[in-house]
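I am opening a notebook on a structure that is new to me. The entries below follow the order in which I looked things up.

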Amino acid sequence: MTSNGNCKYSCATATETLEWIRAIIDFINPYSFFWESHVVNFLTHELWKSVDKEWIDCLKNEPVEYLVQIPSGFVQDHWPSSLKKFITTSSSLAFPREQADLEKVLPNMQVALLNAVITQGMNPKKKHEIEALAGVVSSVARDVETNTVIDVGAGQGYLAQVLSFEYQLSVIAVDSSSHHGTITDTRAQRIKKHYDARKHKSSRKMPKTVTCCVLSSDMLKGLLAEQDTHIDMCCSSVLLTGLHACGDLSVTMLRTFLDCEQVKAVVSIGCCYNLLSEEEEETVDDDDDLCGSGFGFPLSRGVKSSGLHLRRNARDLACQSADRWRGLGKDESLHNFEMHAFRAAFQMVLSKYFPETLTTSPTIGRQGKAFRRIITNNVEDRCSLFEKFSESAMHRLNLNNSKSIDFAGMWKKAEPFYEVIGAYWSLRAALGPVLETLILLDRLLFLQEQGVEAFMLPIFDPTLSPRNIALIATKSNKRL
């Protein structure tokens with residue numbers, strides 16, 4: 001039984017948004033032992049001891065296919081009532097992720113079917129994202145009567161080129177990488193030749209590329225002023241957009257929208273919440289300072305007044321994808337939990353033999369694919385696999401094995417908790433969608449507190465693109 005999608009809250013007004021935010025904060029505060037921790041410390045910090053023993057005893061015997069669905073609101077009737085309440089409440093507080101009927105929400109929206117030339121190099125996920133977002137951006141641009149779009153964090157220019165060639169918008173593609181700018185220009189020239197060949201005279205303009213590392217709203221405003229001096233590009237009325245603009249970049253776009261008169265609309269899809277800067281200490285709010293303190297979280301006065309601090313582990317948890325976990329099969333689920341068990345056991349290795357390394361919060365990267373092949377093609381016990389995992393991790397951290405590490409002894413200590421880590425991981429992951437909702441509602445409330453008309457809309461299929469919620473705001477008096 002799955003309760004996902006039973007959200008009972010609204011964010012149509014600042015009052016409603018703040019009510020939702022307060023409900024989330026009230027709910028997550030007693031479970032800070034989940035979101036302030038990290039699964040890598042499951043064994044070294046004995047994290048299972050913080051969880052209701054009845055929950056752990058129940059879930060450790062459940063099929064893994066059930067466990068990976070818990071973040072999507074899955075419960076069983078025979079589970080403890082307190083456990084079911086935790087899961088269903090988590091689900092009810094999360095913003096619904098099912099892709100919206102975009103043409104119903106945005107009546108003037110028209111989605112261009114992209115040809116093979118303009119989609120060359122795009123994987124299915126990227127093609128899906130570009131098709132949907134380009135249609136949304138074009139619709140909002142028409143609503144605020146602008147023909148100029150600034151694509152912030154443009155990457156290789158996929159979105160910018162579709163907006164230029166398919167929707168005939170004037171686009172400035174901004175990215176911090178000059179290499180990306182070169183790729184964008186080269187790709188656009190090739191695409192333009194294709195469109196020119198289809199018509200005797202093409203009126204389509206190529207996107208203008210700008211290499212700039214946007215660190216603040218002042219920098220973005222300066223860039224707009226600079227581009228406005230070009231004869232062929234009018235920036236007196238623009239729309240800002242960004243497809244998965246990383247960390248604080250999405251926040252900078254919102255501040256620029258509020259602080260810059262010529263920016264009439266913003267369509268932002270954020271990602272990488274783990275890279276957000278966060279205000280650790282309370283500061284006095286200045287109602288006249290739209291740019292605030294410059295931190296990525298919290299933005300709104302409503303969340304600031306709560307005194308809540310998420311910190312990196314919680315923001316990292318907000319990046320996870322319940323929709324993708326839900327689709328995992330038994331073997332993939334088992335492999336997922338096995339990798340978490342190995343990583344937690346390896347943390348014990350670091351703690352005993354390389355304690356100085358732990359001060360740097362070591363990252364060993366994803367080793368899942370390589371070890372999936374080992375597990376599939378070789379009949380080895382977990383102890384041997386753990387040793388291989390650890391040796392690979394040590395290599396990535398530039399650590400040598402001159403200390404004659406007792407991997408077998410380490411795994412002997414870890415193995416009794418092997419069946420528990422999946423349950424812990426799943427319970428912690430249930431808070432991921434709630435934490436992402438909190439971060440997004442904070443951004444929405446930030447705009448609503450300034451009297452701006454704004455709303456959130458899931459524009460992608462969440463199984464293809466987990467970060468699928470667009471924050472759309474406009475200075476137009478017309479309702480989108």
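Entry 1. Before looking up any residue I wrote down the cut-offs: a residue is buried when its relative accessible area is under 20%, exposed when over 50%, and partly exposed in between. I also noted that this is a predicted model.

Entry 2. I looked up Glu145 with those cut-offs. Its relative accessible area is 67%, so Glu145 is exposed. I found Glu145 in the loop between H7 and strand E1 (148–152). Its phi is positive, about 60°, although Glu145 is not a glycine.

Entry 3. I turned to Glu46, which has a positive phi too, near 50°, and is a residue other than glycine.

Entry 4. I checked the peptide bonds and noted a cis one, which joins Phe297 and Pro298 with omega at about -10°. Pro298 sits in the loop between strand E5 (263–271) and helix H12 (301–304).

Entry 5. I then took the chain as a whole. Its secondary structure comes to 21 helices and seven strands. The protein chain has 480 residues, and 55% of them count as buried. I also looked at contacts between residues at least 6 apart in sequence: 76% of these join residues at least 24 apart.

Entry 6. In soluble globular proteins, nonpolar side chains tend to be buried together. The largest nonpolar core here holds 120 residues, and the members that touch the most others are Phe86, Phe346, Leu431 and Leu447. Which helix gives the largest share of this core? I found that helix H15 (residues 330–353) does, with eleven residues.

Entry 7. I listed the neighbours of Phe346, leaving out residues up to four places away in sequence. Phe346 touches Ile364, Phe386, Phe389, Ser390, Ala393, Met394 and Leu397. I also noted a second, separate core of 42 residues, whose members include Val136, Leu159, Leu163 and Ile269.

Entry 8. I looked up how helix H1 (residues 14–28) packs on helix H5 (residues 81–93): the angle is about 155° and the axes are 10 Å apart. Angles over 145 degrees count as roughly antiparallel, so H1 is roughly antiparallel to H5. H1 passes H5 in a left-handed crossing. On the H1 side the contact is made by Trp20, Ala23, Ile24 and Phe27, and on the H5 side by Phe86, Thr89, Ser90 and Leu93. I sorted these residues into six nonpolar, two polar and no charged. Phe86 of this contact is already in my notes as a member of the largest core.

Entry 9. The last pair I looked up was helix H7 (residues 124–143) and helix H8 (residues 158–165), which pack at about 50° with their axes 10 Å apart. H7 and H8 are therefore oblique to each other. The crossing in which H7 passes H8 is right-handed. H7 brings Lys126, Ile130, Leu133, Ala134 and Val137 to the contact, and H8 brings Tyr158, Leu159, Val162 and Leu163. I counted eight nonpolar residues, no polar and one charged in this contact. Leu159 and Leu163 of H8 were also among the residues I noted for the second core.

Note on methods:
Residues numbered from 1 in each chain as written. Predicted model: local features only at pLDDT ≥ 70, side-chain atom pairs only at ≥ 80, totals over all residues. Heavy atoms only, no water. Core = buried A, V, L, I, M, F, W, Y, C linked by side-chain atoms within 4.5 Å. Buried < 20%, exposed > 50% of the residue type's maximum accessible area, 1.4 Å probe, protein only. Helix = DSSP H or I, 4+ residues; strand = E, 2+ residues; numbered from the N terminus. Contact = heavy atoms within 4.5 Å. Axes fitted to C-alpha atoms, helices over the stretch in contact; angles between N-to-C directions. Parallel < 35°, antiparallel > 145°, perpendicular 65-115°, else oblique. Left-handed = near helix turned anticlockwise from the far one by under 90°. Nonpolar A, V, L, I, M, F, W, Y, C, P; charged D, E, K, R; others polar.
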